[in-house]
Amino acid sequence: MSQLRTIGKTDIQITPIAMGCWPISGVTSVDVTEEASLATLKAALEAGINFFDTAYCYGYEGESEKLITRALGDKRDDIVIASKGGIHWEDRKQVRDASPGRIVQECDESLQRLNTDRIDLHYLHGPDPEIPVSESAGAFKELLAAGKIRSVGVSNFTLEQLKEFHAVCPISAYQPRYNMLQRDIELDRLPWCRENQVSVMAYWPLMKGLLAGKLARDHQFAPEDGRQKYPMFHGAEWEKNQDFLDELRTLSAEWKHSIAEIVIRWTIQQPGITCALCGAKRPEQIQENAEVLNFELSESQLETLNRLIQQRGPIQS
C-alpha cells in the first residue's frame, strides 16, 4: 500500500517510516560493521522505505553520511535525505555550535560526503545556548535561498524556540523524541506543529529499543551500552516498563504482529505525526520496521493500546 506523506507545505514525499542512521555510525551502538551497515541501508530501500535520516555528527568523521553515499549513491533520485547541522566532535566530545558560519560550513561538508547537490530536509540539530535561535535560523534561510537544501527542520526545541526560528525561517519539520511512553510534546509543541502545518518526525519510537520487547526482564547491559544512563532502564521504571511489555506481548500474539510493529504503527497513526525514525544496524531490523507500511491498527486496537498506556502512567526518563 502506498502511503507517502508530505513534509510540511513542501512537495517532498516520504514514507511514514524513516531509517534512522545514527546506529550505523558506530559511536554508541555495539556490534556495528561496515558490511552490515551498507546491507541495512540497501535493505531499507528494498523494503519500501525512501527516507533516510542522518546528521553531520553521526560518526566522528561523518561515517553515517559516507555510508549512505556508498550504499545508495546511485539511487539518489529515489530517496529523500534528511541531515542535521550544529553539533560536531572535538576529541570525541560533542560540541554545539550553531553559529551561522559553522552551519553553512557543515552543510557544505555534508553535501560533499553525500555526494549530492542538495539535502532534502536539513535540520538544526539542537539549540546552541551561545547563539540566538534567530541567528541560526538566518543561516538556514540562506542555505534554502542558495538551493543547497530543499526544506528546513529543527530538533529538540522548546515551543518558544520553535516560534522564534519559524519567524525568521519557515520550518517544514520538527524532530522530537516521541513514543507511547514519552508524550510530552502533546502538551504544546505537537498542537503548534499541527496548526502551522509542520511535520513531526518522531525519534525514539521504540524508546531506544525498549519498546521492541526484546530486552528480557533480567537483561544485563554491556558496559559500553549507552542506554544505561537513562532511568527508564533501571529499578522501578524498568519493572513497570516490563509489565507494560508483558501486556503488549499478549496483544502481539493475538494481533499477529510483533511488539515493535504495533508500537511503531501506533506512533505513525497519532494525529500530527508524519513519520517515525527507526534506527537500525542490521537488515532484519529495518525489514521488520518496514512491515508497518503494510497494515493499520483499527480504532478498537488503538483504544486498547491507549488504555494500557494510561495504566502504565508517566515515565521517569
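Hi everyone, let me start with Glu-239 and Arg-217, whose side chains meet in a salt bridge at 2.7 Å, N to O. By salt bridge I mean a side-chain nitrogen of Lys or Arg within 4 Å of a carboxyl oxygen of Asp or Glu. Glu-239 sits in helix α7 (residues 235-255) and Arg-217 in the loop between β11 (199-202) and α7, so this contact ties together parts 22 residues apart in sequence. Helices (H or I, at least four residues) and strands (E, at least two) are DSSP runs, numbered from the N terminus.

A quick word on the source: this is a predicted model, where local features need pLDDT of at least 70, side-chain atom pairs count only at pLDDT 80 or more, and totals for chains, interfaces and linings use all residues. Residues are numbered from 1 along each chain as its sequence is written, and side-chain values use heavy atoms, with hydrogens and water left out.

Back to our pair: Glu-239 is partly exposed at 36% relative accessible area, and Arg-217 is partly exposed at 33%. Here buried means under 20%, exposed over 50%, and partly exposed in between (1.4 Å probe, protein chains only).

How many salt bridges does the structure hold? There are 24. One of them joins Arg-113 to Glu-65, with the closest N and O atoms 3.0 Å apart. That pair links helix α3 (residues 100-114) to helix α2 (residues 63-72), 48 residues apart, and both Arg-113 and Glu-65 are buried.

Finally, Arg-76 and Asp-120 form a salt bridge at 3.1 Å, N to O, and both residues are buried. Thanks, everyone!
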